[in-house]
Amino acid sequence: MSSCECLVVEKVSEDHAGGGGEAAGERRGGGRAPRSEAMFPIYVMGSSRARAVLLDPSAAGDPIWEAVKAEARSEAEKEPILSSFLYASVLSHDCLERALSFVLANRLEDPTLLATQLIDIFNDVMMNDVDIRRSIRLDAQAFKGRDPSCAQYSWALLYLKGYHSLQSYRIAHVLWNQGRKVLALALQSRISEVFAVDIHPAAKIGEGILLDHGTGLVIGETAVVGNWVSLMQGVTLGGTGKEHGDRHPKIGQGALLGAGATILGNITVGEGAMIAAGSLVLKHVPPHSMAVGNPAKVVGYTEKEDPSLTMKHDARRDYFEHVASSFPDGRSNGSVVK
């Protein structure tokens with residue numbers, strides 16, 4: 001393929017998050033569509049523009065890629081010293097996939113694995129995998145839409161290591177599934193060294209994901225993360241010992257995992273749940289609930305909107321007032337608020 005076709009989502013793949021039922025954020029017959037689809041008007045099912053582009057890719061441009069190029073041109077005018085960097089990273093490429101391959105390869109190269117080699121590998125994976133091509137765009141929209149410090153799509157592409165580490169994982173995941181496990185593990189190691197993010201290439205992660213900051217994030221081999229999830233720095237999705245098999249958490253779509261949250265074992269964090277910063281989660285967390293503490297206890301329930309989209313990390317004041325009023329001595333025993 002000499003140039004990129006404009007990719008638009010025709011449907012949400014049922015197995016894109018790697019299975020796992022509701023915990024993986026899959027859409028079932030008659031189930032509710034993700035609320036966040038309203039945030040992605042160009043790339044969602046049923047878009048008339050999507051159908052037009054799928055029928056004739058040359059009829060319209062890729063809106064995110066067009067935005068990235070316009071932003072790069074503007075930034076080059078404002079900061080001439082960056083013009084060569086912006087040309088090499090963005091303006092010299094014909095699509096988002098090739099630009100991303102260039103950026104990631106130059107971040108991950110080392111003396112024995114050259115950027116030119118990595119570019120070939122990354123291009124081959126992304127240009128031939130529709131799921132990745134959709135995910136890199138929905139992830140970019142997640143970063144721009146949920147992170148106030150990400151004012152432009154090009155900033156995610158060029159500067160944010162949370163985005164870089166997530167897309168590097170996606171490439172390693174494809175390689176792992178192709179049976180190229182040694183190369184996938186080599187990439188995992190390099191991603192950990194460069195970005196301080198350690199995601200096993202066998203882990204299954206949905207689309208529309210935000211890794212805010214990313215530093216210290218650990219996701220284990222059998223973990224499943226559903227669509228539209230937001231994860232802050234220092235989150236761990238780990239096991240509880242040396243057991244083999246399915247041993248890592250399953251995170252439902254729309255969940256928000258606060259900074260430093262540790263979730264251990266083959267347990268489920270329900271759809272739309274919020275795990276407060278610094279919490280240690282060892283048991284299942286119900287959908288649309290808020291878990292806080294060490295060990296974490298459910299203290300209330302979230303608003304109708306998924307917390308991963310609102311990025312509200314704090315429980316409402318009335319939740320805590322309700323908990324406090326339940327105990328005459330002013331101390332909570334961590335029981336569930338009904």
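Tutor: Let us start with what helix α2 packs against: its buried residues are in contact (heavy atoms within 4.5 Å) with α3 (83-91), α4 (96-108), α6 (130-146) and α7 (153-159). Buried here means under 20% relative accessible area, with exposed over 50% and partly exposed in between (1.4 Å probe, protein chains only). Helices are DSSP runs of H or I, at least four residues long, numbered from the N terminus.

Please keep in mind that this is a predicted model, where local features need pLDDT of at least 70, side-chain atom pairs count only at pLDDT 80 or more, and totals for chains, interfaces and linings use all residues. Residues are numbered from 1 along each chain as its sequence is written, and side-chain values use heavy atoms, with hydrogens and water left out.

Now to α2 itself, which covers residues 63-78. Its 16 residues reach 23 Å from the first C-alpha to the last, close to the 22 Å expected at 1.5 Å a residue; that expected span is 1.5 Å times one less than the number of residues. At the start of the helix, a side-chain oxygen of D62 comes to within 3.1 Å of the backbone nitrogen of I64. I64 is also among the buried residues of α2, together with W65, A67, V68, K69, E71, A72, E75 and A76.

With 3% relative accessibility, S89 counts as buried. Leaving aside residues up to four places away in sequence, S89 touches A99, F102, V103 and L158.

F122 takes us to the largest nonpolar core, a set of 79 residues in which F122, L231 and L237 have the most contacts. Such a core consists of buried Ala, Val, Leu, Ile, Met, Phe, Trp, Tyr and Cys residues joined through side-chain atoms within 4.5 Å. Helix α8 (residues 161-177) gives the most to this core, with eight residues. Domain 1 (61-197) and domain 2 (203-326) both contribute residues, so the core lies between them.

Methods: Helices (H or I, at least four residues) and strands (E, at least two) are DSSP runs, numbered from the N terminus. Domain bounds come from an automatic or database domain assignment. A polar contact is a pair of N or O atoms within 3.5 Å; within protein, one must be able to donate a hydrogen and the other to accept it, and residues adjacent in sequence count only if both atoms are side-chain atoms.
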